[in-house]
Each structure stands twice: as C-alpha cells, then as structure tokens.
Amino acid sequence: MSGQMTQVNRLDGGQIDRGSSLKFKFDGKSFTGHAGDTLASALLANGVRLMGRSFKYHRPRGPLSAGSEEPNAIVTLRDGARAEPNTRATTAELFEGLTARSQNCWPSVKFDVMAVNDAASDFLAAGFYYKTFMWPASFWEKVYEPIIRRAAGLGALSMQEDPDQYDKGFRHCDLLIIGAGPSGLMAALTAGRAGKDVILADEDFALGGRLLSENMAVGGKAALDWTTQTVAELSSMPNVRLMTRTTVMGAFDHGIYGAVERVSDHLFEPAAGKPRQILWRIYAGKTMLCAGAIERPIAFENNDRPGIMLASAMRSYVNRWAVTPAQRVAIFTSCDDGHRTAADLHAKGVKIAAVIDTRSETPMSMDYEVLAGAQVINTKGRLGLAFVEVQQADGSMRTLECGALGVSGGWNPNVHLTCHQRGRPAWNAELSAFVPGGTLPPGMSVAGAASGDLSTYGALHSGAKGAADAFGIKAADVPTAADTPAKQSAFWYVEGCKRAWLDQQNDVTVKDVKLAHQEGFKSVEHLKRYTTLGMATDQGKTSNMGGLAIMAEIAGKGIPDVGTTIFRPPYTPVSIGALAGRMRGMEFHPTRLTPSHFWAKERGAVFVEVGNWLRAQWFPIEGETHWRQSVDREVKATRASVGVCDCTTLGKIDVQGADAATFLNKLYCNPFAKLAVGKVRYGLMLREDGIAMDDGTAGRLAEDHFVVTTTTAKAGPVYQHMEFVRQCLMPDADVQLISTTEAWAQYAVAGPNSRKLLQKIVDPEFDISNEAFEFMACANITVCGGLRARLFRISFSGEMAFEIAVPSRYGDALMRKLMEEGEEFDVVPYGTEALGVMRIEKGHAAGNELNGTTTANNLGMGRMVSKKKDSIGTVLSERAGLNEEDALKLVGVKPLAREDKITAGGHLMAADGPVDAAHDQGYVTSAAYSPEVGSMIGLAFIKSGDARMGEKMRLVSPVTDSEVEVEVTSAHFVDPEGGRQRA
Amino acid sequence: MHSLTPITALGGQTVRVDTIGNAELRESDGLALASVHGRLGHEAACRAHLSDLLDGRLPAVGKAVLRDPEAAFWTGPDQWMVGAPFASHEDLASQLKSRFGDTASITEQTDAWACFDLQGSAMEQVVELLCPINVRQMTTGDAQRTSIHHLGCFVLRRDPSDWVRILGPRASAGSLHHAIVTAMRSVA
Amino acid sequence: MIINHPLLGPRDSAEFVYMGDARLIERPDPESDTVAEQFHDYAYLRDNPAGTLRELWFHEGGDRSWLVVTRDTRTHEISKVELARDVARSKGRSK
C-alpha cells in the first residue's frame with residue numbers, strides 16, 4: 001500500500017513536500033508522512049486521532065492544538081538513550097525513521113488498565129492527594145508516593161546518559177523580535193531596512209506564524225506568497241538574523257532573554273560535532289513581543305475526546321498541512337472565528353456537519369447549516385469523537401454525527417513573556433481577555449495579536465509601528481489585509497456541565513474548580529495549587545482563563561477582580577541538557593595543568609584534582625602496589641637526600657609600588673614593613689573578623705617589589721581581597737597588583753642535597769651557599785646558562801629547601817634537567833601526598849587547619865599578630881571570646897600503640913570520663929603515616945593544647961566507630977629546632 | 001644561551017593548528033607579554049612612555065594598538081598589556097622597566113597566557129558560542145576581557161577583521177583549546 | 001543583569017563577583033575609643049533593605065575594578081554605578 005493511500009485524511013495543497021515520503025512509527029505501527037509535517041499532522045493524515053492518555057484519569061486524548069500550547073498530544077519521541085518523554089506531537093517535526101510512543105498508558109493507548117481511574121473519578125477530584133494520602137505520615141514515602149508516581153506520572157526518562165551535545169551561546173542585537181507572524185515580520189522589515197541589528201526568532205520551523213495557516217490575502221496576494229517574499233527580503237539582509245526552531249523561553253533582567261534553538265531535533269540524530277540544541281543568551285537593546293494569540297476552548301461535557309480540537313488548529317491542519325482531522329466535522333463557536341474554520345474546511349471539500357454558535361446572531365452560510373443560539377452539551381465516542389449532542393435555541397436536542405469538532409471561544413493574547421518581570425496582565429473588556437499590562441520587561445513592547453490587536457491588518461500595522469517607534473525610524477509600508485478582527489465574546493463553559501475539562505493535561509474539570517471554591521480555596525493562587533489547574537508542562541496556556549472565569553462567576557465578581565496568575569519562565573519546557581550545555585563530565589570546569597604535567601604523565605604519576613588543578617599525587621615505581629609504598633619512599637628519599645615537587649599551583653601575586661610594604665603590612669597580621677630586600681617572610685592573613693584567611697610567603701625582590709604566595713585553593717579569593725583593600729580601603733596607596741601564578745613554573749627542591757643539586761644548574765655567578773643565601777633568602781638569578789629564574793630559600797618540608805621558578809614554558813625542561821642532574825643524589829620527584837606527610841611531620845598548617853574557624857591564637861601564632869600596627873582582622877582577633885584560657889591550640893597527636901590509626905576528623909576526649917559533645921576536648925585536622933616517627937601522626941586542635949604535652953587522651957571517631965589512645969605532642973614531629981632548614 | 005627547551009602552552013614542541021570548516025585555530029608561542037600599570041601620581045608620565053613606545057597611539061579603554069605581532073591593549077584603569085615578538089623580546093619586562101623607570105610597575109606576563117589565533121569566515125559564529133562579548137560590533141583594534149569556559153580571557157579583534165586573538169590562562173590552555181575546537185565543530 | 005561599568009559600558013553581571021553592602025568601604029578608625037564596638041558592627045551588621053542598596057561588585061572577568069552598584073533589591077533596577085576607588089576617596093579614605 002502506498003503512503004498516499006494510507007493517508008486517508010490527506011487533502012490537496014498545503015505546505016508539505018509531497019515528493020518526499022517519510023516513514024515513521026507510532027506505538028510500533030508504521031506510517032508515512034511528508035517533509036513539512038509534524039508528528040501530529042502526519043498521524044491525523046493517517047487517521048490517527050488517539051495519541052495519549054490523560055494524566056490522572058487516563059482518558060483517551062488527541063491533539064487539542066497545532067502548536068506549542070498543546071496539553072494533550074504528548075508523546076515519548078525516539079528510542080533508547082535519545083528517548084525524550086513529554087514531547088508535543090504538535091511541534092515535533094517529522095523525519096525519516098522517527099519513532100514515538102504514547103505515554104501514560106499501560107499496556108496500550110487503546111486499552112489502558114488505569115482508565116479505571118476514570119470510573120473512580122468521584123474519588124479523584126480536586127485536592128484528592130491532599131485529602132487521601134495524609135495519614136500515616138510514614139506511609140507517604142514507602143507506599144503512596146510510588147503508587148501515585150506510577151499511576152500518574154508523565155513519560156519516563158530513559159535512565160541512560162544523553163548521547164548528544166548541547167551548546168550555549170551569546171547573541172547581541174538592537175531588536176529582538178519574538179514571533180515571526182504578521183507583526184513580527186513587519187517589525188523585522190522596518191528595523192532591518194533601517195540597518196538595525198535584528199534577531200527574529202520563532203519556535204516554528206517555518207516563519208509566518210498564523211499566515212501559514214490562513215487562507216487570506218495580504219498585499220493583494222495569497223498570505224503565503226507575501227510571507228515567502230518577505231522572508232526572502234529579510235534573509236538577504238546581513239543585519240537580520242532569522243532564528244527558526246528557536247523558542248524565546250524567558251525574559252530576564254535588563255534585556256537578557258533565554259532562547260532554545262533546536263538545531264538537530266528535526267533530524268534522526270545530530271550530525272557529527274553538531275549540538276542537538278543551543279541555549280542562547282540574547283542581549284537585546286529593544287524587544288518586540290509578537291507572539292500572537294492562543295485560541296481558547298469552551299468547556300462542555302466530555303469535551304476531551306480525541307477529535308475535539310481548537311477551530312484554529314483545524315484551520316492549520318487543513319491549510320498548512322493539508323490534513324482534515326475527520327471526513328465530517330462540526331464547529332462549536334462563540335465568535336466569528338469559528339465560522340472561518342468552517343468555510344476553509346468546506347472549501348477543501350470537507351463535509352461540515354454544522355456550525356453550532358452560542359450566539360443568537362451569527363454569520364450564516366449557503367454551504368452548510370449554522371445553528372444559532374445552540375450549545376454542545378455532550379459528546380460520545382469510545383476512543384474518539386463520534387457524535388455531539390446539541391441543544392438548539394428552542395431547547396430541542398439534536399445529535400450530530402462527526403469525527404471532529406472544532407471549538408472556538410475567542411482568542412487570548414499570548415502575554416506569557418510580558419509577565420516574566422512580574423508585569424500583571426490587564427483586563428480588556430472588549431476582548432474579554434487579558435492583554436499585556438503592568439511593568440513590562442525593560443525595553444519590551446508588544447505588537448499584533450499579543451497586544452490585543454486581533455486583525456491581520458492590525459498585526460501588520462502594529463508590528464511596523466512598534467519597530468518604528470522603538471528607534472524613531474520610518475515604518476515599512478503596511479500591505480493591505482483584512483482589518484476587522486473577528487468579534488469575540490465571553491463564553492467559557494456550557495451551563496450544567498461537570499466533567500468538562502479546563503486543564504486537559506492535569507485533568508482539571510469545571511467541577512473541580514467549583515469544589516475548590518466550595519472548600520474555601522478562593523484565591524487564584526490557592527485554586528491553582530489545590531486543583532493543579534495550569535500547573536502542567538503547558539502552564540495552562542489553554543486553560544487558565546476558563547478556570548478564572550468560573551471562579552469569578554461563583555464568587556460573583558468580575559474576572560479582573562478575581563485576578564490572574566502570572567507566567568514564569570520557561571515559556572515551554574527546557575531540557576536539562578540545554579541548561580547544562582557543555583558542562584558535563586570532564587568539561588564541567590576547566591582543568592589547570594602544571595608545567596611538569598606532561599613529564600609527570602610520562603613518569604606514570606597518579607593525579608589528584610586540587611580545585612581545577614591536576615597535581616601529581618605520587619609517582620609509583622616498578623614493584624610498588626600500594627600508594628603508601630610510593631609515598632613513604634618519596635618522603636624518605638627527600639629527607640635522606642633530595643626530592644623535587646611541582647608547586648606551581650601556589651598562587652603568586654606580584655605586588656609593586658612605593659607603598660607596597662605598607663600595603664602588605666595592612667594585609668598580613670604580622671609585620672612586613674621592615675622586611676629586607678632579598679628576604680622572604682611567612683605571612684598570615686586574617687579576615688576582618690579575626691579568623692585566619694590564608695597564609696603564604698612574601699619575598700621582597702626590591703624596595704618596591706614583593707612576590708606574594710597564597711595557598712593553591714585561595715589564590716583567587718586572596719587576589720580579590722587584595723584588590724578590595726587596594727581600591728576600597730587604601731585608594732591613595734601606590735600599589736599595583738597582578739597575578740603571576742601561571743607565568744612561572746615553580747619547583748620545591750628539598751632535602752640535605754638540595755643545594756648541591758641546585759648548584760649544578762644555577763649559573764656560577766650566583767652564590768647559593770648557606771652564608772651567601774641563608775634560610776629565608778630570595779633572589780633573581782639565572783640558571784642553565786642564562787635563563788632568568790627566581791630562587792627562594794623556603795621550606796615546607798622542614799628540610800634544607802629551595803623553591804626555584806622559571807618561565808612556565810621552560811618548566812618541563814627544568815624538571816627533566818633536575819631529574820637528570822639529580823641522578824647522582826638519587827633524586828626523587830614527590831607528589832602532593834608526600835608533600836602533605838612532610839608538612840604534617842613539620843607541623844605546618846594548611847587548608848585543614850586554616851579551615852575558616854581558626855584564629856592565629858588557635859594556630860599557635862597568636863604572638864605573631866602585631867600589636868604595633870593595624871592590619872585587617874587584628875582588632876577583632878583580640879576579642880575575649882577568641883582568647884579564652886582554654887582556647888583550642890594546634891598540637892600533635894600520636895598513638896600510644898604504634899599500629900593504631902589516627903583518624904582526621906576524630907574528636908579528642910580526656911583519658912577517662914564520658915564521650916560526648918559536652919566533654920569534647922578538640923579534634924584532629926590532618927593525619928598521615930610518618931616514616932620518620934614510624935607510626936601515624938596527626939595535627940589537632942585541643943583546648944589549652946600547648947599546656948597538655950604528654951597527656952594521654954582518647955581519639956574517638958563515631959563515624960568510623962574507632963577509639964584509640966593517643967598522646968599529645970608538639971606539632972613539630974621533625975627537627976623541632978629547625979636546624980635542618982637552616983643548614 | 002641557556003640549555004632549556006621550551007614547550008608550547010598545549011605541551012607540544014611545535015604549535016598546534018586546527019582547521020575545521022571555515023575557521024582555523026592556531027596556537028602561538030611567539031608572543032612576549034608584560035603588564036604596565038601606571039604608578040600613583042605618575043600616570044601621565046606612564047602614558048607618555050607608552051604612547052612614545054606605540055608611535056603616539058595610546059590604547060584607550062577597551063582598545064588595542066596593533067602592530068603585529070606587537071600590540072598593546074588596555075586591561076584596566078592605567079593598566080595595559082604590552083606585547084612584542086618573543087624571539088627578539090624575551091626580556092620584554094626588563095626592557096620596559098628601563099624605559100618606564102618608576103612611572104609604572106612592570107610585570108612579566110609572557111608565560112601567564114596561552115595565545116590562540118582564530119581566523120576565518122566562521123570566526124564570529126565560533127566566538128558567539130564561547131563568550132558574551134558582542135563580537136559583531138567589535139572592530140579591528142577592539143580588546144575585551146571576557147570569560148570563555150569560565151576562564152578569564154582577552155579577545156582582540158585584529159586585522160583583517162575575520163581574525164581574533166584569544167589570550168587565556170596558560171595552565172588551562174588544553175581546556176580552552178578544547179572549548180574553541182568544540183565550538184568550531186558546532187558551527188562547521 | 002547588566003551592570004553599566006563606568007569605563008567599559010554594559011557588562012553581563014556574570015562577569016562580576018558580588019560582595020554585598022558597600023558599607024564595607026567604611027572601615028572604622030582603628031584608633032577610635034570604641035574600636036571593638038565599631039569593628040563588631042562593621043564585620044557583622046548589614047542592612048537588608050527591600051529597596052535601594054549600594055553594593056560592591058568585583059569585575060573579576062573584566063578590568064578587576066571594584067564597583068559600587070546602586071540597585072533596587074526588589075526590581076534589580078540599577079540606578080548608579082561608580083568605581084569603588086572614587087567612592088572610597090570621597091569617603092575620605094586614603095592610605
């Protein structure tokens with residue numbers, strides 16, 4: 001059977017490519033459609049009206065609309081990892097090989113066991129969950145929730161990783177036009193011809209908006225021809241960017257808009273390297289909202305059967321996609337617009353059963369029957385519409401046979417984006433609709449149907465005028481077009497109906513709204529939350545107004561007095577993938593590599609993430625099977641001879657200027673003013689509240705030039721803090737700052753043979769003997785025959801040690817050179833673990849100790865805080881509460897039994913007495929196995945710790961369920977006198 | 001002449017070049033950089049020195065003076081980055097120090113930055129996927145600091161105008177390169 | 001949000017780091033007789049107005065200037081943007 005034969009509802013004409021035949025599957029069954037089809041239009045062409053089951057009652061449902069406002073025809077598109085639930089069949093473009101499944105039904109859309117909910121509907125009314133699943137509380141998570149989720153959930157996720165990529169992008173424009181219907185096209189023409197930088201965005205894959213769906217004349221030619229010609233002109237303008245398949249989903253502060261461009265959603269899969277979607281951040285000088293209007297349905301008994309849809313959607317299917325939803329169609333309308341649908345369908349040869357108009361005065365037709373003053377009071381048909389029951393003006397009943405019913409209750413301006421900055425829509429009595437009101441997002445104006453201008457000419461004209469007014473430019477000439485808007489009146493629901501759906505996606509009926517009101521949920525916001533009206537993925541685009549109108553009627557108020565809820569971003573759902581963009585996996589944040597990274601990788605180093613840095617953690621050699629073997633070896637070798645560690649990651653900040661010393665004196669709590677040129681000093685920075693912020697060293701290279709180092713983690717925040725002090729607290733100090741962290745590759749060369757090793761590479765004119773270059777010296781030198789370098793004699797390990805820095809590009813070569821020249825000393829590279837072990841052995845504080853709660857006093861550096869000067873944090877560091885007798889003091893701990901484990905985070909308790917928070921004596925911050933001591937050791941903060949040397953305590957860790965006996969010691973396990981580092 | 005062999009920011013012996021669609025990305029290791037920050041009370045003298053260095057053209061806010069491969073661009077109030085050919089000006093900072101004396105703080109910045117030249121008709125589209133700057137409105141000689149993949153970068157629009165130079169933190173050269181190449185594939 | 005940088009023009013707020021109340025510029029005089037109270041207030045007390053607030057933003061992804069941004073916390077409307085250094089000087093701060 002050919003495709004055309006099976007497309008029983010396909011008509012002539014339309015904007016589809018009949019030359020292409022696209023095969024697709026829905027619920028396992030094969031169909032064909034054409035390029036230009038949506039999934040919904042192709043299914044309707046094939047005679048398929050039933051596309052899903054409703055959320056709560058599992059009622060059979062078909063498409064209500066032909067656009068993104070669709071509440072019903074929600075399917076899972078694609079298979080496997082690419083399966084995407086909750087996709088609107090009405091906007092999903094057809095492509096070869098498309099597969100889709102209906103949702104919310106089991107085992108099949110035609111026979112759904114949960115449809116029993118429909119029979120039990122009396123129990124599932126408004127507030128059902130709140131009333132039923134209240135007690136006992138413990139039942140909620142284990143019993144109720146899983147059942148509800150299975151019964152009521154929308155589509156399910158594939159639970160596989162999304163194989164596609166998503167991009168983020170940034171675009172700027174003078175004018176962002178949202179919606180490419182008649183008003184948007186005219187706005188673009190006006191601004192584009194004036195040379196403005198214009199972005200015209202539309203969620204559809206074709207530009208034209210309603211003009212693609214209407215059988216009317218614009219500028220003396222068919223609307224479609226005018227559209228094609230206009231789009232061609234716009235395409236030729238380099239200053240106009242046409243963004244199709246792009247939904248502007250949110251209006252954010254100060255003219256920033258979020259837009260999702262579906263780059264590859266219309267393809268079987270994205271082309272290699274291409275993103276599936278791009279989330280654009282658009283910076284718009286001005287914005288015109290030309291989003292048109294959304295037709296509103298009328299609520300009547302059983303108004304949710306497949307085949308019942310908005311009359312305008314029917315017009316779209318017939319005119320644009322050449323599809324009739326059925327061979328025999330009726331129209332139910334409260335305004336003139338419904339008659340246009342009847343005329344268009346009739347012109348295409350579709351049989352019109354009747355036009356049922358609620359008004360007594362209606363347009364009449366020579367071609368089909370018009371029932372004035374009549375109403376649809378019920379419908380029939382098991383899995384789709386078969387009959388409508390009509391009450392005629394004289395009260396008599398009549399049953400009409402039809403496979404589809406077009407419903408038109410008038411149009412609501414699409415005000416969604418005008419609300420995103422809390423603008424409240426205003427009531428327009430003439431239209432019986434809300435129009436944009438309150439404070440619009442800055443720079444936004446609204447044109448066309450979105451502003452309440454419902455005629456075609458009005459749309460064209462207001463689009464041109466809006467753009468002209470925005471920039472004080474000449475409006476493009478407005479083509480002739482129909483200039484009388486279809487008359488519309490307020491008709492929200494048919495009297496006496498109960499199971500008449502307002503919100504088809506969340507299954508909220510007229511009865512539910514009445515019940516909610518009866519139960520006291522009288523505010524619109526309460527109504528929403530109690531009934532879930534308008535809270536589905538469509539945000540109530542087709543349902544909110546009906547709910548409001550009914551609320552108003554019950555309360556005896558006017559609709560504007562009841563109020564309206566405002567819309568929030570996003571306009572339509574946005575996939576999490578688009579929000580994440582490229583920030584997944586290893587691309588979640590940038591990676592920083594040290595200059596010796598490639599060398600370390602060759603050596604088989606194990607790396608660890610330290611902030612964004614990857615640092616070598618240890619360097620295993622052949623035969624080592626456990627990290628401890630590598631780390632112990634690195635520590636021992638360094639302490640016995642010499643080791644080299646890449647410490648480039650420490651922050652380096654260049655501080656220059658006549659007041660550089662004064663500046664550092666303000667930043668560090670210890671004195672810096674008198675530091676001699678060629679010397680380095682340890683410095684502790686406090687926060688203004690007296691808590692330690694960061695530590696490091698500052699070397700004075702010249703009277704007016706210091707090099708400050710920070711910890712790896714705090715390099716950014718410390719730089720920011722320094723700029724704050726410079727610009728905000730000392731604006732007249734002559735100080736200049738710049739980060740040089742990445743400019744220099746810096747290596748710690750530590751161990752008794754460190755000088756000997758360095759002497760082999762430092763150029764001979766520089767004397768680095770202990771006499772000429774003593775502990776805490778620094779200098780600009782050259783190495784390896786003339787390369788500029790910096791040398792600092794500082795020690796984190798407690799050994800004789802240097803840090804040597806060369807421009808980063810030479811870091812790799814310097815490390816190789818150090819290894820080569822160090823062979824005679826059995827040099828080892830060491831990683832962050834060995835570095836950590838040696839600093840714990842030496843009792844140096846690091847991030848674990850500078851943990852945001854500790855003071856200089858706690859760190860045993862209380863006396864460093866200069867009383868002779870003011871620096872950041874000194875005043876509050878003197879507060880009594882931070883200086884109590886029993887303040888925590890940094891000490892060491894080691895186990896009484898050599899094999900016992902010291903657990904970082906464990907708490908210290910007196911040798912006897914209760915183990916509880918009230919008797920807590922302190923806690924261990926850092927722990928490591930010390931090859932030097934021969935057991936694990938730890939650094940700890942203990943109350944009055946400095947006065948408790950030798951005390952036996954219990955180290956308790958409820959987390960690891962351990963308790964060991966420890967002894968309080970000095971934090972300096974190695975060379976407490978510091979003789980080695982001064983050697 | 002010293003004996004140490006440099007590597008490029010991406011870790012190679014030679015610069016990396018990627019051509020994808022209508023864009024070419026070329027790593028550059030030929031640029032020496034030094035920051036110049038006018039000292040308090042010496043701002044005018046500092047500007048005079050800089051202007052002198054650049055044949056009377058002082059980079060204004062958000063601007064660069066281009067003299068390929070030499071350039072100077074504005075980086076902050078009374079702050080500029082000066083560039084010169086690495087081969088002849090590896091000691092750029094000390095050269096500038098002699099010239100500016102006490103009127104400015106000079107800091108070597110050569111290896112603080114990875115330098116990438118992005119060129120081709122797709123350049124603007126690539127930049128749009130990378131950072132929030134308004135690249136379409138940028139003209140030759142514009143210099144902006146911006147954020148690419150969370151990395152603070154300078155973007156300089158050069159001559160011809162289908163060419164931007166991107167300076168990003170050297171340690172993240174690999175991540176920056178990956179981000180740019182990914183964007184190039186996206187628009188190709 | 002868009003912050004209209006006094007030197008660079010409109011910039012996305014994503015380029016900035018936020019630090020709150022610009023009163024932090026007004027660091028108390030460490031020689032004052034009531035130094036402890038003043039520093040306590042300075043370190044811990046902030047107004048949290050529903051309305052206009054002068055606040056500090058650091059242009060980390062830009063020229064590294066600290067700015068004082070006057071912003072309505074209810075609407076995000078920004079009425080004034082100044083270089084913090086100028087504000088500090090106008091408050092009498094020097095070295």
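Reply: The end C-alpha atoms of residues 597-869 of chain A lie 43 Å apart, and the span is 26% helix and 28% strand. Helices (H or I, at least four residues) and strands (E, at least two) are DSSP runs, numbered from the N terminus. This is a predicted model: local features need pLDDT of at least 70, side-chain atom pairs count only at pLDDT 80 or more, and totals for chains, interfaces and linings use all residues. Residues are numbered from 1 along each chain as its sequence is written, chains are lettered from A and ligands numbered from 1 in the order in which they are written, and side-chain values use heavy atoms, with hydrogens and water left out.

Me: Which domain does UniProt list for residues 597-869 of chain A?
Reply: UniProt positions are given in the numbering used here, with feature names shortened, and annotations may be inferred rather than shown by experiment. The entry is unreviewed, and for residues 597-869 of chain A it lists "domain: GCVT N-terminal".

Me: Is A:Ala692 buried or exposed?
Reply: A:Ala692 lies in strand 37 (residues 692-702) of chain A. Leaving aside neighbours within four places in sequence, its contacts (heavy atoms within 4.5 Å) include A:Leu684, A:Leu686, A:Leu850 and A:Leu859. Buried means under 20% relative accessible area, exposed over 50%, partly exposed in between (1.4 Å probe, protein chains only). At a relative accessible area of 2%, A:Ala692 is therefore buried.

Me: How far apart are the C-alpha atoms of A:Ala692 and A:Ser877?
Reply: Along the chain, A:Ala692 and A:Ser877 are 185 residues apart.

Me: What is the relative accessible area of A:Ser935?
Reply: A:Ser935 is found in strand 48 (residues 935-943) of chain A. Not counting residues up to four places away in sequence, A:Ser935 touches A:Lys894, A:Pro895, A:Arg898, A:Ala928, A:Tyr929 and A:Ser930. A:Ser935 counts as buried because its relative accessible area is 3%.

Me: Which residue just after helix 9 of chain A takes a positive phi?
Reply: Helix 9 covers residues 337-347 of chain A, and its buried residues include A:Asp337, A:His339 and A:Leu345. Just after this helix, a positive phi of about 85° is taken by A:Gly349.

Me: How many salt bridges does the rule find across the interface of chain A and chain B?
Reply: The contact takes 59 residues from chain A and 52 residues from chain B. A salt bridge is a side-chain nitrogen of Lys or Arg within 4 Å of a carboxyl oxygen of Asp or Glu. B:Arg136 forms one with A:Asp197, the closest N and O atoms being 2.7 Å apart. Across the interface of chain A and chain B, the count of salt bridges is 7.

Me: How many salt bridges are there between chain B and chain C?
Reply: Here 11 residues of chain B are in contact with 11 residues of chain C. The two chains bury about 860 Å² between them, buried area being the accessible area (1.4 Å probe) that two parts lose on being put together, summed over both. Salt bridges between chain B and chain C number 0.

Me: Which pattern does chain C follow along the sequence?
Reply: Of the 95 residues of chain C, 53% count as buried. Its secondary structure comes to 2 helices and 6 strands. Read along the sequence, the pattern is β-β-β-α-β-β-β-α.
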